[in-house]
2 protein chains.
Amino acid sequence: MIQEESPRTKRRTATADHAPIREAGSHTASVLPAEPALARAVAVDLIAVLVAVTGGEPRVMTLDEGQALPSGPFELAHRSLQSGLRAWVEQQTRHPIGYVEQLYTFADKDRGSDAGQRTISISYLGLTRASSEREAGWRSWYDYFPWEDWRSGEPAIIAGRLAPLLRAWAEAGEGGTLRRDRWQRACVTFGLDGGTWNEELALQRYELLYEAGLVPEGARRAAAGGDRITARAMIADHRRILATGIARLRAKIKYRPVVFELMPPTFTLLQLQRCVEALAGRLVHKQNFRRLVEQQELVEETGETAPETVGRPAKLFRFRHAVLAEREAIGTKLPLVRS
Amino acid sequence: MIQEESPRTKRRTATADHAPIREAGSHTASVLPAEPALARAVAVDLIAVLVAVTGGEPRVMTLDEGQALPSGPFELAHRSLQSGLRAWVEQQTRHPIGYVEQLYTFADKDRGSDAGQRTISISYLGLTRASSEREAGWRSWYDYFPWEDWRSGEPAIIAGRLAPLLRAWAEAGEGGTLRRDRWQRACVTFGLDGGTWNEELALQRYELLYEAGLVPEGARRAAAGGDRITARAMIADHRRILATGIARLRAKIKYRPVVFELMPPTFTLLQLQRCVEALAGRLVHKQNFRRLVEQQELVEETGETAPETVGRPAKLFRFRHAVLAEREAIGTKLPLVRS
DNA sequence: CGGCTATATGCTTACTCTGAGCATAACCCC
DNA sequence: GGGGTTATGCTCAGAGTAAGCATATAGCCG
């Protein structure tokens, strides 16, 4: 439900059409002197989707028994948003984070606690190398999105639970157009009814489930309580932020060499492939994957071979950091197998 | 220069390694009761990169004689960030904005006026259909980035001014590694020395010029004042935000059908092509462009032909809005001509 | 009317990219 | 040495795409 605009807002904007949002000459003063009350009630939070890959699983750092993403207030001492986040996270994990990227900034009204209080949440995606020890807080992100893991074929939960629930939701819509529209969206995002699975749509899928009232976070809109899906949830909109991070990372590994931020200094090509597969949630054609990685000169041989091997020993590679300077717009494309 | 962390920050984070950024159990209260002072000094601004294409030129809405992007405080009355921005912009332009997308959130310290005051700037990209009348405030974005327009071949400013200035900057670096690194970055981003031009690197190019002290905004680092480049500048970091918007839009038109947000209801394929070319800053192979647009079924014929034509009359098309529902991950790819 | 110009539109060709599969190599174990 | 396992090399066919040739349809001008 849309709240009415406050009288002050109305007065400001209705006086002149095509008037600049902010009057000329006042740009440098970010808070207009006339409206000091506006600054009072805003708090700024930083939220991190911190990702590592261990044991063949993509992990995300969580708190509170997996119910929340790490977050904390943005402080004046921080030079910038990113450095604030980076400092915190590096203190947590002891490793430097190679890669930090801003995800999205949220400020929906229902996020804050009381009225008149508002929180801006700036979320970041961070990649870190897996630590050898198993630390607390790291959870497989497929605990939260079991339908996103297609590495062993289509997850049973889709045909078993999601598809029927989504169809019921679609058919509960009022009007033929709405019904058709809902079902089409379900088919497109979840690859139902002959559609193909697109791993990059993780966020859209979660949002569709939210809209359909099929996740606990959307409980207010949900009809009955029995139609939920068996997956781990999170407080507030943290699971949505996680979905945002997953979608962004899945898209990014295809055109930027960011996977290497998750890898140890040296690795075999199969390890690299498993890492990509863990993130993408789907399998990759081995030979084509090697071809792509090698012909793009993303890696170079160390001359050694991997220890503790079962079959033929694999060569060890390291990331060619030079590519970061040489080119801007390349990455690891995924030669995906047809299902 | 990196500021020291405040004592409070140190105390909070140094007590326990691997401690959660925010203690378990306190997630829903976005501002911790123990730190009410942090919220006091933060203001939130919305900044818009509002784009239209008129007269074959990509235009951006500006204020204050082209020196600033429209911006304004985020208010409590706004339901969400995006709705706040959307409401404002629609009141300005009278047309509904078809497309709004968040760009980036900035909070660098030097943005605010006094110490102890901090501004968070959340920037958005908005697309609107060109209005027939020529309104004030719309400026070609190539006024700000003349090196970005390759539609008539390589802009003279690159070989004439930028390349020499960048080379001088590179050679002024201390140490062979730094010198080589600087020059390599210049070559990659600007396509110098046999490299190819990549129109999506608009932001990196601006940032390189900033770092080299070649734009007035980076004046503090600039050596002499005479080495600037003849282009229109903006206050604060507004030109950087504009570059962010340009880069984002140039990338997006290749995989999402957002160009149509800038087109009138019906148009010829050449008009569509000119619009894409204006945004991308480079020419496109006509026949291949048509093939791509048609075989992706992005448009449908209206049955009419364009009036006021010079040569053979062109068919009129309209955007097939159905594609937005049918597919998620398609768009207008650019069959770019080789230079 | 025929030629000229300008745009629109159709078609072909060569080349690259990529999904997919076959075949071989190098190691371990028994 | 045979079987199992992983690594690695190579080929092939189909899709996608950059580029160019050719034709169609209009206005204009002599």
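How many bridges join strand 7 of chain B to strand 9 of chain B? Keep that question in mind as you look at the model, which is a predicted one.

1. Let's start with the answer. Strand 7 and strand 9 (residues 315-319) of chain B are joined by 2 bridges, and the two strands run antiparallel. If you want to find one of the partners, look for B:Thr266, whose bridge partner in strand 9 is B:Arg318.

2. Now step back to the sheet. These strands belong to an open sheet of 3 strands in chain B, with the order 7-9-8 and antiparallel pairing. At its edges sit strand 7 (266-267) and strand 8 (299-305) of chain B, each of which pairs on one side only. As background, strands of a sheet pair through backbone hydrogen bonds, either parallel or antiparallel.

3. Next, have a look at helix 4 (residues 156-171) of chain B. Its 16 residues reach 22 Å from the first C-alpha to the last, close to the 22 Å expected at 1.5 Å a residue. Even so, helix 4 has a kink of about 40° at B:Leu162, shortly before the proline B:Pro164.

4. Finally, the cysteines. A search of the whole structure finds 0 disulfides over all chains. In chain A, A:Cys187 has 12% relative accessibility, so it counts as buried. A:Cys275 is buried too, with a relative accessible area of 3%.

Conventions: Residues are numbered from 1 along each chain as its sequence is written. Chains are lettered from A and ligands numbered from 1 in the order in which they are written. This is a predicted model: local features need pLDDT of at least 70, side-chain atom pairs count only at pLDDT 80 or more; totals for chains, interfaces and linings use all residues. Side-chain values use heavy atoms; hydrogens and water are left out. Two strands pair if DSSP finds at least two bridges between them. Helices (H or I, at least four residues) and strands (E, at least two) are DSSP runs, numbered from the N terminus. The expected span of a helix is 1.5 Å times one less than its number of residues. The bend at a residue is the angle between axes fitted to the seven residues ending there and the seven starting there. A disulfide is a pair of cysteine sulfur atoms within 2.5 Å. Buried means under 20% relative accessible area, exposed over 50%, partly exposed in between (1.4 Å probe, protein chains only).
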